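User: I am new to reading protein models. Please take a close look at one pair of packed helices and the space beside them.

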Amino acid sequence: GPTTFFVTRYPISFEACDGTEDTCAWLRNPPISWDEVARLADLPGAAAVGVRMDWSGAFKYRDRFLPSAPIEAYTSNWAQFGAPELQPGGRAFTEQEVRGSARVIVLNTTAAERLFGESEALDKTITINGIPFTVIGVYKDKGSFLSGADRPKGVMPVTTLQRALNVRRSDMGLVVKPRTGVTRDEMVDEVTVTLRAMRGLRPSQESTFAIITQDKLMETYDKIFGMFFLVMIALSAVGLIVGGVGVVAIMMISVTERTREIGVRKALGATRLTILWQFLIEAVTLTGIGALAGLLLGWVVAFLIRSGTPIAASIPPGAVVAALLASAVTGILFGMIPAARAARLDPVEALRHE
């Protein structure tokens, strides 16, 4: 939900960091403790406070093997943070299983299909990094392609992840959901004040934890895709320059081979503008054909991605128009040099050309 936020040991940032505390001050942040979890859960504005950890492991069932599948680990209130609906017959892990670090796991449908095929997955035992776990449920992942909805995944009690798979507590994070009527910002302030007080931080000291809201996540996604956008623009610019040089070379050869034709046309009354326009049209036609070939290839790639993945890839009409306009402009800019050379030819000298 839009009001849910996360409390983590480390912030999400793109700051320069060489792995030392001099450039990464947040490496000194202490891990979140279970006492802090219990204290935050007692806050008046908190509807639910749960622990979340992310890991990966090698899943195996008989001769079927998943070398590195993501693992999500939660406390027993997993369902309060938007847990997906389980398939009939399955269940989520209980508070008792969390307290006892029970070796149980809930698989998503992708993991269940790859491990068990068409057979039933419930109550069967798989191994994760060589340790046996009982499958107690199967769910359909409702995540987006960014969160890997089509990837095999497992969900287990957070205490099981820590004890059975020896994952350190330092990687533990919190999910906080405010009560109805309590705004996200109010709850963020409550959590911040409580944690700073528990850690004995003075007003002048920076917080030794990070609070990540949905806005912060979107800002991070925007930075990532912004960098992709800049890289694609740079690659496209290089491609246009290379293509433009090719247009110049092809049109120069065309002008040289058709020098006598140009001389005949000028002798019959063709003006410089007529010759210039003729070769510019040829250059634009050449780049337009390249643009159409690129659009056709892009459509085929988008169709294959749409057919084989959950990504709804498509080519918007605006992109088609932009591609055709860019190809036309490229043809005009780089075709201007050979076209101008053709227009300046002397008709007498052109007729003498062999």
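Analyst: The crossing of α6 and α9 is right-handed. The model is predicted, and every value here is computed from it. Two packed helices are described by the angle between their axes and the distance between the axes. For α6 (residues 214-257) and α9 (residues 317-343), the angle is about 25 degrees. Their axes lie 9 Å apart. Angles under 35 degrees count as roughly parallel, and α6 and α9 are therefore roughly parallel to each other.

Now look at who touches whom. From α6 come Leu240, Ile241, Gly244, Val245, Val247, Val248, Met251, Met252, Val255 and Thr256. They meet Thr330, Phe334, Gly335, Ile337, Pro338, Arg341 and Ala342 of α9. Sort the residues of this contact by type: twelve are nonpolar, four are polar and one is charged.

The most comes from α6, with eleven residues. By type, the lining of the second largest pocket holds 15 nonpolar residues, nine polar and no charged.

To put it together: α6 packs with α9, and α6 also gives the most to the lining of the second largest pocket.

Note on methods: Residues numbered from 1 in each chain as written. Predicted model: local features only at pLDDT ≥ 70, side-chain atom pairs only at ≥ 80, totals over all residues. Heavy atoms only, no water. Axes fitted to C-alpha atoms, helices over the stretch in contact; angles between N-to-C directions. Helix = DSSP H or I, 4+ residues; strand = E, 2+ residues; numbered from the N terminus. Parallel < 35°, antiparallel > 145°, perpendicular 65-115°, else oblique. Left-handed = near helix turned anticlockwise from the far one by under 90°. Contact = heavy atoms within 4.5 Å. Nonpolar A, V, L, I, M, F, W, Y, C, P; charged D, E, K, R; others polar.
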